[in-house]
Amino acid sequence: MATRIWKFLTTDIKDLFSTDTVTSGVDAANAVFGLAEALQDAEIEKLAPQIARVSSLLDVLNLPLAKLAESTLPFVSIATGLLKFYLETTQTEPSLAQSVGLVSQAAYLESFRAILVGLRNREQLLKKIGQEPASEGVQRQIRQLGELEIDDKEARRAIAFFHESKLAKAFNEALTARLTELGIKPEAAIQIAERVARNTDEYMLPALINAGESVKQLVDWYRLGGREVFEKYFSIDSYLSERIQRRPLERVFDEQFSFRDIYVPLKAQLIQKNGEPDSNQSPVQIEQWARQLLNDVEKGDRVLFIQGGPGRGKSVFCRMFADWVRQHEHPRWTPILIRLRDVRTLEKDFEETLRKAIDRDFAENDPGWLTDRNIRFLFLLDGFDELLMEGRTSGGLEEFLRQVGRFQESCAHNSEKGHRILVTGRSLSLQSIERLMPPNLERVELLPMDDELQGQWLAQWGELVDADPTHLKEILHDPRLPDRVQELTREPLLLYLLAAMHRDGELRLEMFEAASEASAKVLIYQKTLDWVLTKQRPELLNRDLTELETEGLHRILAEAGLCVVQSGGESAAIAMIEERLKSDDNAKSLLEAAQNRLQDSPLRNALSAFYMESGRKGSGFVEFTHKSFSEFLCAERLKEAIEDWSKGGDRRREFYVPTEQMDWEIYDLLGYGGLTPEIVEYLMVLLIKNSEFDPICLFNRLENFYLRWYNGEFIDAPPENLPQRKMRLIRQLLRYQSPTLENLGQRQIDTYVGLNVIILLSELHRYAQTDTQLKEKISFYLCGQSGTNDSDRFRLLRIISWSYCIHVWTFKEIAGKFLKGIDLSQVALRGAYLIHTNFEEANLEEIDLRGADLRYANFYKANLRRADLSGTNLSQAILIDADLSGACLAGANLSQVIVTNKTVQENWKNVRGLETVINLPENLKQQLRSE
């Protein structure tokens with residue numbers, strides 16, 4: 001219950017006496033002197049009339065400052081005396097709010113007087129302004145201070161952090177007004193008031209304790225650790241208001257509306273433990289699903305796990321649901337929202353990971369913060385695919401999910417915890433670890449918007465931009481729009497981009513004729529980029545951009561995308577981007593032109609054009625508001641270089657880009673980590689759609705580089721060789737705090753380059769197989785074609801071994817995802833670590849895989865005829881429609897392998913060593929017997 005900080009005295013005491021009140025601020029100030037005299041002389045009959053004449057102890061601010069500075073009035077003694085008088089008169093102990101409300105006035109005045117007296121030019125200042133009483137307007141403002149209401153919670157806040165309290169804010173406003181009217185500059189007056197408030201703590205607590213029995217409740221609370229407890233709860237409240245409450249109110253990109261304004265709750269499909277959708281269950285509304293599970297006691301050991309594609313709405317859901325929990329469930333549940341891209345390292349102790357990620361007093365300074373029975377946290381961990389771990393490997397993701405699963409189980413079995421975890425991330429990141437997922441996940445996958453949700457979103461959009469969405473809806477549902485493109489219009493991010501382009505007249509139906517899903521997504525991003533640079537942000541340089549300037553700005557953004565990806569996909573230092581642009585004359589001239597027109601950094605303005613914002617590390621960093629933008633722009637940057645590599649030269653040179661220069665650019669662009677499937681997908685679309693792109697020339701040059709790389713031409717060259725040069729540049733970039741670059745030496749850089757070139761060659765090979773003219777001219781053999789002088793059956797095994805300098809799973813995690821359709825016939829991979837590797841439709845005839853670790857590997861429709869699989873671990877491998885005719889499986893572990901019974905008899909003819917197979921599944925055994 002709230003109480004007014006002075007009126008409780010006049011309400012409960014004044015009626016005991018016959019009194020007359022006055023309203024003059026100066027008279028009220030003089031009455032405070034009367035209070036001091038009455039208390040000192042113990043003249044109770046004089047005390048009540050004085051109380052009635054005072055609106056608050058702060059009435060003394062109405063006096064000339066000289067009188068206040070010279071006064072020896074004991075403000076704290078007045079306050080504590082009044083509290084004792086109240087206790088004796090009413091036989092009621094003052095509440096915490098009443099005590100703090102009264103004593104805070106005295107402590108504030110003591111603080112102000114001390115600062116006033118301590119001024120070096122005090123005498124000169126008081127001589128100039130110290131003789132003027134407060135004006136009537138300021139007197140009214142000061143009088144209103146006595147009407148302030150606070151409750152016990154606010155009172156505790158004032159004890160712990162007075163300068164952040166409601167009382168300090170009101171007192172400071174009155175003092176600032178008083179000083180300003182005396183001629184002190186507003187900025188200086190505010191600074192003085194801030195000093196007074198921060199210095200008030202020095203007087204506050206001792207005054208309360210000196211009040212003795214009148215505030216016994218407060219003394220006991222403080223003695224028993226109440227201050228520390230309150231500080232913890234205050235820290236939590238501050239976190240909720242600063243980090244949770246504000247997130248839904250942030251603007252959507254550069255629009256004038258917030259996420260809350262446009263948000264539409266999405267639907268999700270329940271996922272079974274095997275990762276497949278549960279077709280027997282209807283879709284669920286994601287918020288309702290989360291609310292129900294959060295409060296389901298029987299499922300307290302379950303992790304709420306939400307997966308979905310890029311741009312599907314996972315992060316927006318997290319910020320909206322966290323705030324819903326804050327409003328409707330706190331303090332029963334306290335939401336903590338953590339972007340996993342901000343987690344620098346995954347600690348061995350998961351609780352320590354949480355503590356460091358939160359970075360707040362309630363977690364940092366309380367060793368028992370997770371065992372307080374009064375607090376249950378809901379941890380929303382957003383973006384498991386963006387974890388900043390070594391190489392972003394699935395091994396790191398596996399460990400993270402194991403920790404999450406164990407932590408949730410421990411909470412369910414420990415009555416002192418009881419916390420819950422909700423995790424989100426991209427579905428694609430789970431493909432290689434699907435069967436290693438913790439068993440206690442309650443999984444759903446976000447679905448694209450159905451007609452109802454899309455219609456609701458469009459209606460809200462129309463209201464926010466004051467436009468009729470009917471025409472846009474007609475375009476999105478036009479039967480001429482390819483089905484795959486229509487599916488993209490049901491993803492929140494792309495729907496927004498299309499709607500914004502339509503509003504600005506940049507969306508036409510014919511843009512998407514015959515477009516695939518990947519090409520449509522690239523087209524949308526390209527059109528968005530052009531739209532932003534030419535239509536939405538022409539004020540970037542205070543004028544429309546020329547075509548050349550637009551091209552330069554495009555290059556700047558592409559370089560930023562590359563820097564963000566190379567820095568770990570989180571953010572990039574502006575200085576790092578500037579350094580990479582030094583050799584680009586077009587970009588440099590654009591920035592120099594902008595420097596003459598803009599006061600701020602021209603590069604910062606350029607970067608802000610395409611949905612970039614200040615990074616979480618500080619103002620010197622930038623990050624894209626959505627991960628897809630950085631991936632797309634990184635692909636754009638790679639495309640620019642690769643197109644140049646594929647161009648022929650003239651009579652004086654063989655190629656447009658000389659081989660020596662290309663070699664360095666490959667190390668510069670690809671020597672940082674593995675290309676992701678998303679970047680590769682964008683890159684291939686961008687290359688293929690360019691009619692001037694020469695895939696044959698590119699393939700031949702990259703294959704030549706691959707063979708030279710394998711033979712050690714670059715890493716074995718004398719200093720300064722290309723890996724060393726790239727390492728030196730990375731060492732320079734470490735001052736820009738790129739955590740994923742910290743452990744890159746020249747061996748690691750050389751390995752990444754080789755694996756990324758393998759990915760590009762594999763993608764060119766796959767693309768060529770779909771084109772009759774290219775099929776005969778582009779064929780990639782990792783180990784050379786069998787029967788030729790170039791054949792080296794141990795080449796891939798050596799490459800895999802070299803990759804161990806980064807981690808045992810580096811090859812399978814980076815290049816292993818891209819081996820679909822590859823030719824590895826007669827290759828020797830004995831004992832190789834190939835867990836999760838994708839051999840779908842690959843030619844593995846007569847391959848030597850003895851003793852290899854092939855758990856969870858995908859051999860769908862692979863040719864394994866006469867392959868030697870002796871002693872291999874094929875647990876849970878996919879062997880659907882794989883041809884194992886004549887293969888040797890002696891001693892192989894076939895636990896839970898996945899096959900199609902209908903094709904076993906045909907595809908397993910003459911398989912050798914079945915009598916020694918370990919864990920042969922019963923269904924497979926029956927099929928082979930019937931053969």
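**Notes on helix packing in this predicted model**

1. Let's start with helix α6 (residues 96-118) and helix α9 (residues 152-160): their axes come within 8 Å and cross at roughly 45°. That angle makes α6 oblique to α9, and the crossing is left-handed. Please keep in mind that this is a predicted model.

2. Which residues of α6 and α9 meet? On the α6 side they are L96, A97 and V100, and on the α9 side D152, A155, R156, A158 and I159. Sorted by class, the contact of α6 with α9 has six nonpolar and two charged residues, with no polar ones.

3. Between these two helices in the numbering you will find α8 (residues 136-143), whose buried residues are V138, Q139 and I142. Viewed down the axis of α8, the buried residues fall within an arc of 105°, so they line one face of the helix.

4. Is their crossing left-handed or right-handed? The crossing of α30 and α32 is right-handed.

5. By class, the contact of α30 with α32 has 10 nonpolar, one polar and five charged residues.

Conventions: Residues numbered from 1 in each chain as written. Predicted model: local features only at pLDDT ≥ 70, side-chain atom pairs only at ≥ 80, totals over all residues. Heavy atoms only, no water. Left-handed = near helix turned anticlockwise from the far one by under 90°. Helix = DSSP H or I, 4+ residues; strand = E, 2+ residues; numbered from the N terminus. Nonpolar A, V, L, I, M, F, W, Y, C, P; charged D, E, K, R; others polar. Buried < 20%, exposed > 50% of the residue type's maximum accessible area, 1.4 Å probe, protein only. Arc of directions from axis to C-beta. Axes fitted to C-alpha atoms, helices over the stretch in contact; angles between N-to-C directions. Parallel < 35°, antiparallel > 145°, perpendicular 65-115°, else oblique. Contact = heavy atoms within 4.5 Å.
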